[in-house]
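Student: Could you walk me through this structure? I have not looked at it before.
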Amino acid sequence: MDYGEILRRHGFGFKKKFGQNFLSDENLLAAIVRDAEVEGETAVEIGAGAGALTRALAASASRVVAFEIDRSLAPVLSETLMGCENVEVRFSDFMKCNLAALEEELGSYSVVANLPYYVTTPLVMRLVEEGKNCRSATVMVQEEVALRLCAKAGTADYGAVTCAIARRGTATIVRKVPRTLFYPRPNVDSAVVRLDFTKGGFAADAKKYRAVVRAAFAARRKTLENAMMNAFRLSREEAADLLARADIPKGVRGEALSPEQFARIAELL
Ligand code: SAM
């Protein structure tokens with residue numbers, strides 16, 4: 001299907017503010033669908049665009065619910081998704097949808113999306129914190145963001161979002177995608193990341209875990225002891241005692257701690 005020709009014929013103008021960099025390479029689209037493993041499942045797509053990934057998903061998933069914020073894509077999608085009976089396009093902002101109601105409606109589902117860059121971190125955080133029925137999310141993101149999502153403790157890319165994901169499951173870069181495969185062409189390369197939500201979360205209360213992680217990364221250059229003192233109004237003795245009870249070596253910086261160590265601190269707070 002010639003998506004460029006269809007977009008031109010409908011007089012579509014690309015909107016940078018919505019992160020509109022579209023895909024059309026059939027091999028890549030089929031590969032993303034394989035990466036997502038949605039055969040016979042319900043897939044939720046965030047940002048249908050011209051419908052290229054939506055069509056590829058429709059050939060494998062039993063049901064596709066595709067969100068698209070830009071209503072001006074409606075005539076394009078009517079044409080490109082013609083005959084895809086298992087697809088439903090919802091013209092609304094996914095970040096504002098009632099996720100609990102959507103989950104109630106869909107049951108178990110997987111997210112598959114070539115994400116607009118500005119939505120990536122808030123979306124991942126939302127799925128991690130609220131996505132009870134979300135099995136996995138296979139998402140195309142900017143390469144530097146992919147490195148952050150999948151980073152190991154102690155590396156420069158390791159941060160709050162990495163730790164948030166680790167509480168719920170795993171993140172893996174499944175393929176790199178050069179910028180040349182997008183239209184219009186962005187200034188950076190991308191990667192497909194697969195998030196598998198296999199854990200219910202550590203025992204630690206989610207809010208406390210988030211607060212400990214946030215405190216540690218807000219003051220990356222400080223020792224964890226200092227970061228805990230500031231964030232939770234602890235005396236030096238109290239902070240030292242907390243970390244000793246959590247079995248954290250003295251003088252360590254927060255960025256070196258594993259998600260399990262953050263969870264231990266949260267449990268003891
Ligand atoms: N899936 C298409 C593809 O791969 O060619 C389009 C991907 S494009 C990177 C991102 C799409 O997400 C755009 O069509 C944009 O309008 C849409 N979008 C941006 N923000 C959104 C939001 N908050 N909710 C739903 N769709 C959004």
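Tutor: One term is needed at the outset: a salt bridge is a side-chain nitrogen of Lys or Arg within 4 Å of a carboxyl oxygen of Asp or Glu. Please also note that this is a predicted model. In it, Glu-129 forms a salt bridge with Arg-210, and their closest N and O atoms are 2.7 Å apart.

Student: Into which domains is the chain divided?
Tutor: Domain 1 covers residues 3–196, and domain 2 covers residues 206–268. Their centres, taken over C-alpha atoms, are separated by 34 Å. Twelve residues from domain 1 and twelve residues from domain 2 take part in the contact.

Student: Back to salt bridges: how many are there between domain 1 and domain 2?
Tutor: The count between the two domains is one salt bridge. As for polar contact, four residue pairs are counted between domain 1 and domain 2, both residues being at pLDDT 80 or more.

Student: Which helix gives the most to the domain 1 side?
Tutor: That is helix 8, residues 160–168, which gives five residues to the side of domain 1 that touches domain 2. By class, this side of domain 1 has seven nonpolar, three polar and two charged residues.

Student: Now the area. How much do domain 1 and domain 2 bury between them?
Tutor: They bury about 870 Å² between them, with 63% of it on carbon and sulfur atoms.

Student: And which three residues of domain 1 supply more of its buried area than any other three?
Tutor: They are Tyr-158, Cys-163 and Arg-167, which supply 51% of the area that domain 1 buries against domain 2.

How values were computed
Residues are numbered from 1 along each chain as its sequence is written. This is a predicted model: local features need pLDDT of at least 70, side-chain atom pairs count only at pLDDT 80 or more; totals for chains, interfaces and linings use all residues. Side-chain values use heavy atoms; hydrogens and water are left out. Domain bounds come from an automatic or database domain assignment. Contact means heavy atoms within 4.5 Å. Buried area is the accessible area (1.4 Å probe) that two parts lose on being put together, summed over both. A polar contact is a pair of N or O atoms within 3.5 Å; within protein, one must be able to donate a hydrogen and the other to accept it, and residues adjacent in sequence count only if both atoms are side-chain atoms. Helices (H or I, at least four residues) and strands (E, at least two) are DSSP runs, numbered from the N terminus. Ala, Val, Leu, Ile, Met, Phe, Trp, Tyr, Cys and Pro count as nonpolar, Asp, Glu, Lys and Arg as charged, and the others, Gly among them, as polar.
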